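Please examine the sequence and the three-dimensional structure shown below. The paragraphs that follow lead through the domains, the contacts between parts and the confidence of the coordinates.

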Amino acid sequence: MSKQIQPNLFGSQKFQKKLSVAIRLVIAVFLILFAIFPVLWIISASFDNSNSLATQSLIPAQAGLKNYQRLFNMDPNFAFSDLSYWRWLFNSVKVSGISTLLSLALTTMAAYAFSRLRFAGRVTLLKAILLIQVFPNLLALIAIYVIIFQFGEIIPALGLNTHAGLIMVYLGGSMGMNIWLMKGFLDTIPRAIDESGMVDGASNFQIFWGLLLPLLRPILVVIGILSFIGTYGDFILARILLTDVNQYTLMVGLQIFTAGQFDKKWGVFAAGALLGALPVMITYLTLQDQIAGGLTAGAVKE
Amino acid sequence: MATTAGQAKRFQASSESPLSVLLRVALIVFFDAGAAWFIQKALVQDFIQLAIVIGIITLMFNLIFLLPKAYPFRWMAFGLGFLILFTIYPMVFTIYIAFTNYGDGHLLTKDQAIPLIEKIKYLPEGGASYSWTAYKSPDGKYALWLVDPDGNSFLCKQDEPIIAAKPGDPGVGAADSKGIPASVEGYERLNKLLAASDKTLPDIKFGTEDGITVQISTPSLASALQVRYKYDLASDTVVDQENGDIYLNERGTFTTKDGKTIKPGFREVVGLENFVNFLTSPALRGPLVTIMVWNFVFPTISVLSTFSLGLAIAIMYNDKDFPLKKLIRTLLLIPYTIPSVITILIWRGMLNTEFGVINRILNDMFGWAPPWTVEAFWARVAVLLVNLWLGFPYMMLVTSGALQSIPSDLYEAATIDGAGGWRRFTAITLPLLLVAVGPLLIASFVFNFNNFGLIYLFIGGGPPIAGASTQAGYTDILISYVYNLAFASSGRGVQYGLASAISIVLFFIVGSITLFQYRYTRMWEEVSENV
């Protein structure tokens with residue numbers, strides 16, 4: 001439009017550019033609305049005392065903290081016997097925390113061997129580990145269920161409905177990509193550092209623990225956070241392996257709101273969903289640059 | 001090779017202290033003891049496969065921790081152990097299950113099922129041998145006083161073993177004129193008429209399964225039950241002692257020629273039956289074709305839509321000096337930062353056909369709103385919409401990263417050659433971008449191919465396909481169908497065998513797509529090169 005009507009005016013180029021920016025800003029508003037509407041909606045729902053899907057509006061008619069009280073079983077008029085929110089949150093943090101720490105330990109040590117030691121079958125084994133992880137353990141769901149059941153028949157503390165059993169399964173699936181990432185970072189640390197340690201007569205483990213691990217700390221934190229969030233958000237393994245409401249993780253627990261009359265528990269669900277999502281959201285947004293780096297490190301290489 | 005040898009020497013050269021050797025051996029001894037205990041327990045329970053896997057892992061640990069040459073593997077022993085136990089073994093076990101009839105009615109092994117079958121008893125005609133008197137406790141439990149033809153008397157309380165007893169024994173009252181105790185501690189004697197008209201009494205089997213079992217056969221007589229079935233190992237058949245019927249082992253169920261069966265059945269290898277069923281059974285074929293087609297349509301559209309939107313955003317806001325760039329990016333990233341389980345459930349509420357906010361708005365504006373959860377078409381649209389919301393920020397992240405790596409002089413050269421904006425996009429941006437993010441698109445396809453969480457949490461696979469013999473819906477993909485078969489038993493009960501067979505089909509599809517991806521990227525060569 002600008003080009004046809006005012007072709008000769010000084011600054012038409014500039015005007016065109018401004019117009020383009022303006023149009024893109026308007027589009028951005030719509031895109032942002034699309035992106036954050038569910039979040040706004042759930043925030044509003046969590047403060048809407050009516051607790052109902054059918055009557056909720058963006059600005060709650062009866063605003064208040066009732067839903068949060070109900071979520072923590074502080075409202076005697078709200079009967080939802082299976083609700084134990086703190087317990088679920090605690091279970092989630094416990095399971096994800098332990099799995100993350102253990103899997104970091106296992107993968108970092110393995111990555112050290114792949115990066116620093118030379119042994120027959122090294123490349124083959126690394127390829128094999130990567131190849132195996134092609135198949136998500138979701139596909140072997142039934143077998144995993146049966147195996148954990150059998151474990152439980154022998155050692156009840158590792159069986160169905162135990163967190164230890166679930167953690168073991170998470171550990172089994174944690175090797176592949178993380179070893180690959182970690183080995184990549186270890187490879188960037190100069191060998192001279194190892195050699196300086198060797199000259200001083202340090203053992204491999206002393207070099208790993210005393211010299212390399214401190215240098216790995218930033219990447220350990222990023223991989224650790226990603227892995228924690230991943231486990232925290234897992235649904236299906238927890239869903240099939242945990243059978244008792246008190247053992248549920250948060251994701252499994254939130255799902256039971258949808259059973260029966262979801263629309264009558266909407267506000268309480270919203271409060272629970274918001275509390276469960278906020279820590280993860282904040283972590284992501286604060287660390288977005290590091291995380292984006294970690295995400296693309298595997299594939300987009302220059 | 002020379003380096004390998006030199007390195008190996010160095011492992012030993014970094015000489016271990018005696019304490020460390022001691023610790024290492026102690027660790028292995030401790031581990032072996034635990035493993036031996038575990039394997040023995042597993043064998044008792046008939047978990048043969050599990051015992052073998054633990055055996056293999058134990059052997060591996062011993063080799064790794066005892067052989068000096070295996071030193072580098074000590075760094076990854078536990079990781080490899082978990083990998084074998086919870087990734088490799090489940091795959092192998094899935095393959096095994098796929099060739100069996102494992103599922104409801106066939107949950108036990110043969111060795112577990114036969115003793116159960118041999119415990120089934122029957123009441124023989126004319127085998128009367130006791131006269132009886134009944135007692136009843138206030139909470140509805142029964143007891144019998146039995147006298148056999150030789151005059152020996154027995155007391156049998158419900159669910160307890162039968163014991164020889166005499167009137168006047170501890171807990172047993174004194175004899176009446178006929179030699180029957182007038183009372184039993186905790187029970188009250190029933191008179192003949194009451195006992196004969198009692199409705200539950202004739203059904204109760206007194207005694208325990210392993211010992212003698214007695215049941216009332218007439219108003220005055222009770223008989224010892226006899227074992228009904230005898231298993232013959234040599235011919236692998238079961239003979240009915242009551243009428244002489246012969247039951248043959250038909251794929252894990254003992255069956256007569258005219259089709260009578262004995263429960264429980266047991267797990268048995270049935271060859272390709274599950275795969276044949278998967279491909280040919282008319283009851284399955286209808287829903288399966290629908291599910292298969294959708295299983296490819298869903299990830300294809302998802303990848304295309306998320307990639308297009310993500311790329312459009314990346315291009316629109318790529319200029320370095322675009323106002324509020326950082327803020328826009330952060331806000332658009334929000335869908336990616338919330339655990340998807342939570343957002344899927346939020347969308348489930350928002351797209352509720354009756355009460356959801358989307359439909360309330362649409363109804364106000366147009367007087368009509370799509371029946372998201374009711375009609376197959378709209379359910380699929382809803383799933384795709386939610387997945388677009390979930391997936392575009394990731395695509396935005398990776399494409400904007402890749403866009404920055406395209407050299408700007410390429411665009412300048414193209415502009416000089418007179419290429420317009422669209423031409424520059426199709427000839428430069430898109431091809432170069434696809435090289436960089438192509439593997440990620442394939443990975444995203446594979447992820448959505450098995451996106452169980454979305455389908456299950458958002459809509460549970462619904463709306464249901466009418467006339468399907470097993471639970472199946474129009475938005476079901478294979479993995480959610482597998483879940484229904486294995487865990488959400490409805491009607492036919494759980495079918496681990498068939499579900500595993502479908503999992504194997506999924507293994508193959510996912511495996512071939514990913515292998516293609518590996519060939520396409522340089523990842524594979526990098527593993528080989530980065531020595």
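The centres of domain 1 and domain 2 of chain A, taken over C-alpha atoms, are separated by 40 Å. Domain 1 of chain A covers residues 2-66 and domain 2 covers residues 85-259; such bounds come from an automatic or database domain assignment. The model is a predicted one, in which local features need pLDDT of at least 70, side-chain atom pairs count only at pLDDT 80 or more, and totals for chains, interfaces and linings use all residues. Residues are numbered from 1 along each chain as its sequence is written, chains are lettered from A and ligands numbered from 1 in the order in which they are written, and side-chain values use heavy atoms, with hydrogens and water left out.

Within chain A, a salt bridge joins the side chains of Asp194(A) and Arg116(A), with 2.7 Å from N to O. Asp194(A) belongs to helix H9 (residues 191-199) of chain A and Arg116(A) to helix H4 (residues 85-116) of chain A, so that the pair, 78 residues apart, links distant parts of the chain. A salt bridge here is a side-chain nitrogen of Lys or Arg within 4 Å of a carboxyl oxygen of Asp or Glu, and by this rule the count over all chains comes to 8. Helices (H or I, at least four residues) and strands (E, at least two) are DSSP runs, numbered from the N terminus. In the loop between helix H6 (141-154) and helix H7 (163-172) of chain A lies Asn161(A). Although Asn161(A) is not a glycine, its phi is positive, at about 65°.

Chain B is divided into domain 1 (16-98), domain 2 (121-227) and domain 3 (279-529). Between the centres of domain 1 and domain 3 of chain B there are 39 Å, taken over C-alpha atoms. Their contact (heavy atoms within 4.5 Å) takes 5 residues from domain 1 of chain B and 7 residues from domain 3 of chain B. The area buried between these two domains is about 460 Å², of which carbon and sulfur atoms give 85%; buried area is the accessible area (1.4 Å probe) that two parts lose on being put together, summed over both. On the side of domain 1 of chain B, Thr94(B), Ile97(B) and Ala98(B) lose the most area to domain 3, together 74% of what that side buries.

What kinds of residue form the side of domain 1 of chain B that touches domain 3 of chain B? They divide into 4 nonpolar, 1 polar and no charged, where Ala, Val, Leu, Ile, Met, Phe, Trp, Tyr, Cys and Pro count as nonpolar, Asp, Glu, Lys and Arg as charged, and the others, Gly among them, as polar. Across the interface of domain 1 and domain 3 of chain B, the rule finds 0 salt bridges.

The interface between the chains takes 102 residues from chain B and 103 residues from chain A. The area buried between chain B and chain A is about 9,700 Å², of which carbon and sulfur atoms give 78%. The count between the two chains is 1 salt bridge: Asp319(B) pairs with Arg24(A), the closest N and O atoms being 3.3 Å apart. On the side of chain B that touches chain A, helix H5 (residues 77-98) of chain B gives the most, with 15 residues. The residues of that side divide into 74 nonpolar, 19 polar and 9 charged.

Elsewhere in chain B, a cis peptide bond with omega of about 0° joins Lys263(B) and Pro264(B). Pro264(B) is placed in the loop between strand E14 (253-255) and helix H8 (273-280) of chain B.

Confidence is expressed as pLDDT, the predictor's confidence in each residue, from 0 to 100. Chain B averages a pLDDT of 84, and 93% of the residues score at least 70. Among the elements of chain B, helix H3 (residues 48-66) has the highest mean pLDDT (95) and helix H1 (residues 2-13) the lowest (44). Over residues 1-14 of chain B the pLDDT is below 50, and this stretch has 16 contacts in the model beyond near neighbours in sequence. Chain A has a mean pLDDT of 85, with 92% of its residues at 70 or more. Where pLDDT is low, the predicted coordinates should not be read in detail.
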